[in-house]
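Here is a short walk through one chain, from its overall layout down to a few side-chain pairs. Keep the viewer open while you read.

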Amino acid sequence: MSDFFKKMKSVFLEPTGSETELAEDISQDNPENGEKKDSGQLPTSKTPSEQATKYSDVSGQQSDQFYKVLFDALERNNQAGFDYLEFKKALQSLETIGLDEKTKFLSAFAGAQASGASVKLLTDSAAIYLEILDTEATNFRNAVEMQRTKQISNRENEVKQLTNLITGKEEQIKKLNAEIEEHKKMLSSLDNEIKSAQSKIETTKADFSVTYDGLVKKIRDDVDRINTYLSTK
C-alpha cells in the first residue's frame, strides 16, 4: 500500500469492507488515462450506475482496491503547487481541533492563500480531479465489458453449441444415450460457471460504482462548501 494511498484514504474515507475477487483482473484491463483537459467547470460525471444492465440490482460496497485505483489516478495527475488535494489534507489536519465546519474551511484556506492558492484555483483543480475520476470510470466500464465477453459470452456460446448437440443426439439411436448424458453434465457445469462469473463481475461492478459515487460526492460536497464559505475570499 503506497504512502499516497494511505494519506488519501485517511483524508477522504472511513473504514470499508473487503475487496472483490475480480477487481485486479478488471483493473489490469483498464487502460492508462489519456491527456486531461484543464476545465474551469465541474464535469457532469456519468457513473457506472448509469450503465445499468439486467443485473444492476447487485448491491456494492466501498472497496480499498478500487480506492487505490482511483487514488493512483489522482496521484499520476497531481497538479503542481497547492491545489484541492493539498487543501483537503489541510482540512483533515484540523479535524481533531474541534472547530465547526466553516471555521475549518476558513482556517485551511488561510494557509492555502499563504501558499498562493485562491478559491478559483481550488475549484478548478477539483474539477480536473473529477474529470480524472470520470475517465477512470469510463475505462472501468470498458474493462467490465471486456471481462463480460471473456468470462460469460464465450461460455454462453458453448452452452448454445452443446444444447444443439444434445438435441441432435437425442434423435439418434439408443447407443448414443451415454454420450448425451455426458454433454448434459457439461451443460450443467457451464451454467454454474456462468452464474458464478456473472455474480463476481456484477458485485465488482457494483463495488466500484459505490466507491466512485462516494468519492465524487465527497469532492463535490467540498467544492460546494468552498464556494459557500470562501467565495468572498
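Predicted model: local features only at pLDDT ≥ 70, side-chain atom pairs only at ≥ 80, totals over all residues.

## Overall layout

Of the 233 residues, 44% count as buried. The chain exposes about 12,400 Å², with carbon and sulfur atoms supplying 47% of that area. As for contacts between residues at least 6 apart in sequence, 90% of them join residues at least 24 apart.

## The nonpolar core

The largest nonpolar core has 48 residues, and Y84, F87, L133, I219 and I226 are the ones with the most contacts inside it. Helices α3, α4 (84-93), α5, α6 and α7 each supply at least two residues of this core.

Take I219 as a place to look around. Setting aside neighbours within four places in sequence, I219 is in contact with F12, Y84, A126, L130 and L133.

## Aromatic pairs

On to the rings: the count comes to seven aromatic pairs. One of them is F66 with F140, which is edge-to-face because the planes sit at 85°, with the centres 5.3 Å apart. This pair links distant parts of the chain, as F66 is in helix α3 (residues 64-76) and F140 is in helix α6 (residues 119-170), 74 residues apart. F66 counts as buried at 1% relative accessibility, and F140 does too at 2%. Ring pairs also link F66, F140, F208 and Y212 into a cluster.

Another edge-to-face pair is F105 with Y229, at 5.5 Å centre to centre and 65° between the planes. F105 lies in helix α5 (residues 101-114) and Y229 in helix α7 (residues 177-230), so this pair ties together parts that are 124 residues apart in sequence. F105 is buried, with a relative accessible area of 4%. Y229 has a relative accessible area of 19%, and it counts as buried because the cut-off is under 20%.

## Salt bridges

What about the charged side chains? The count here comes to 12 salt bridges. In one of them, D222 pairs with K88, and the closest N and O atoms are 2.6 Å apart. D222 is in helix α7 and K88 in helix α4, so to find both you have to look 134 residues apart in the chain. Both of these residues, D222 and K88, are buried.

R148 and E202 form a salt bridge as well, with 2.9 Å between the closest N and O atoms. Since R148 lies in helix α6 and E202 in helix α7, the pair ties together parts that are 54 residues apart in sequence. Here too, R148 and E202 are both buried.

R225 and D222 both lie in helix α7, three residues apart, which is about one turn of the helix. Is R225 buried or partly exposed? R225 is partly exposed, with a relative accessible area of 25%, whereas D222 counts as buried at 4% relative accessibility. Salt bridges that share partners join K88, E101, D222 and R225 into one network.

How values were computed: Residues numbered from 1 in each chain as written. Heavy atoms only, no water. Phe/Tyr/Trp six-rings, centres within 6.5 Å; stacked < 30°, edge-to-face > 60°. Helix = DSSP H or I, 4+ residues; strand = E, 2+ residues; numbered from the N terminus. Buried < 20%, exposed > 50% of the residue type's maximum accessible area, 1.4 Å probe, protein only. Core = buried A, V, L, I, M, F, W, Y, C linked by side-chain atoms within 4.5 Å. Contact = heavy atoms within 4.5 Å. Areas by Shrake-Rupley, 256 points an atom, 1.4 Å probe, with all protein chains shown as cover. Salt bridge = Lys/Arg side-chain N within 4 Å of Asp/Glu carboxyl O.
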